[in-house]
Amino acid sequence: MPTTIKDDHFNVLATFDGRKLIDPHFKTIATFDGKKLQDPHFKTLLTFDGKDIKNAKLQKIASFDGKTLKDNHFKAICTFDGSVLKDTRFKVLAKTDGHINIAVLAYLLKLLDLS
């Protein structure tokens, strides 16, 4: 069953089936193979090795320690406990009802300008 990503007002932002990130209008936003996040034309957007999120040029843009997503200067961007993503002021940015990779979620929030 796909994971639904909702904002703090319970509006559906996207769904993620473990491979595809799909918008509410059923259009594919990106695909994720466990390491690479690619757009619908198979252009690499991000890579994730379990700790570091890197852009298409393999430059580190963020790191994740299991709870906190931090930028390159080790400044906290947001926290994610597996179901709720909060900004540094503890405002809920998104909620999930299942498993989703932090790199996929971070990309979605950046795309929607929520982070």
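**Figure 1. F90 is an exposed residue in a loop of this predicted model.** The relative accessible area of F90 is 62%, so the residue counts as exposed (over 50% relative accessible area; under 20% is buried, and partly exposed lies in between; 1.4 Å probe, protein chains only). F90 lies in the loop between β11 (84-87) and β12 (92-96). Strands are DSSP runs of E with at least two residues, helices are runs of H or I with at least four, and both are numbered from the N terminus. F90 is not a glycine, yet its phi is positive, at about 65°. The model is predicted, so local features need pLDDT of at least 70 and side-chain atom pairs pLDDT 80 or more, while totals for chains, interfaces and linings use all residues. Residues are numbered from 1 along each chain as its sequence is written, and side-chain values use heavy atoms, leaving out hydrogens and water.

Figure 2. F26 is found in the loop between β3 (20-22) and β4 (28-32). Five residues lie between the strands of this hairpin. F26 is not a glycine, but it has a positive phi of about 65°. With a relative accessible area of 75%, F26 is exposed. β3 and β4 pair in the antiparallel sense over three bridges; by definition, two strands pair if DSSP finds at least two bridges between them. I22 stands opposite T28 in β4.

**Figure 3. β4 continues into a second hairpin, with β5.** Strand β5 covers residues 36-38, runs antiparallel to β4 and is joined to β4 by two bridges. F32 has L37 in β5 as its bridge partner. Three residues separate β4 from β5 in the hairpin. In the turn, G34 has a positive phi of about 105°. β4 itself is mostly covered, with four of its five residues buried.

**Figure 4. Twelve strands close into a barrel.** The order is β1-β2-β3-β4-β5-β6-β7-β8-β9-β10-β11-β12, and the pairing is antiparallel. From one strand to the next, the twist averages 20°. Angles are taken between N-to-C directions and run from 0 to 180 degrees; axes are lines fitted to C-alpha atoms, for helices over the stretch in contact. Strands of a sheet pair through backbone hydrogen bonds, either parallel or antiparallel.

**Figure 5. β9 pairs with β10.** Strand β9 (residues 68-70) and strand β10 (residues 76-80) run antiparallel and are joined by three bridges. L69 has C78 in β10 as its bridge partner.

Figure 6. I5 lies in strand β1 (residues 3-6). Its relative accessibility is 0%, so I5 counts as buried. A94 is 89 residues away from I5 in sequence, but the two C-alpha atoms are 6.5 Å apart. The core has 29 residues, and I5, L21, L37 and L85 touch the most other members. Elements that give two or more residues to this core are β2 (12-16), β4, β6 (44-48), β8 (60-64), β10, β12 and α1 (102-111). α1 supplies the largest share, seven residues. A nonpolar core here is a set of buried Ala, Val, Leu, Ile, Met, Phe, Trp, Tyr and Cys residues joined through side-chain atoms within 4.5 Å. In soluble globular proteins, nonpolar side chains tend to be buried together.

**Figure 7. D52 takes part in salt bridges with K51 and K60**. The structure holds four salt bridges, each a side-chain nitrogen of Lys or Arg within 4 Å of a carboxyl oxygen of Asp or Glu. K51 and D52 meet at 3.8 Å, N to O. The closest N and O atoms of D52 and K60 are 3.6 Å apart. D52 is buried, with a relative accessible area of 15%. K51, at 48% relative accessibility, counts as partly exposed. K60 is partly exposed as well, with a relative accessible area of 32%.

**Figure 8. K70 forms a salt bridge with D65**. The closest N and O atoms are 3.9 Å apart. K70 counts as partly exposed, at 27% relative accessibility. D65 is exposed, with a relative accessible area of 52%. Elsewhere, salt bridges that share partners join K51, D52 and K60 into one network.
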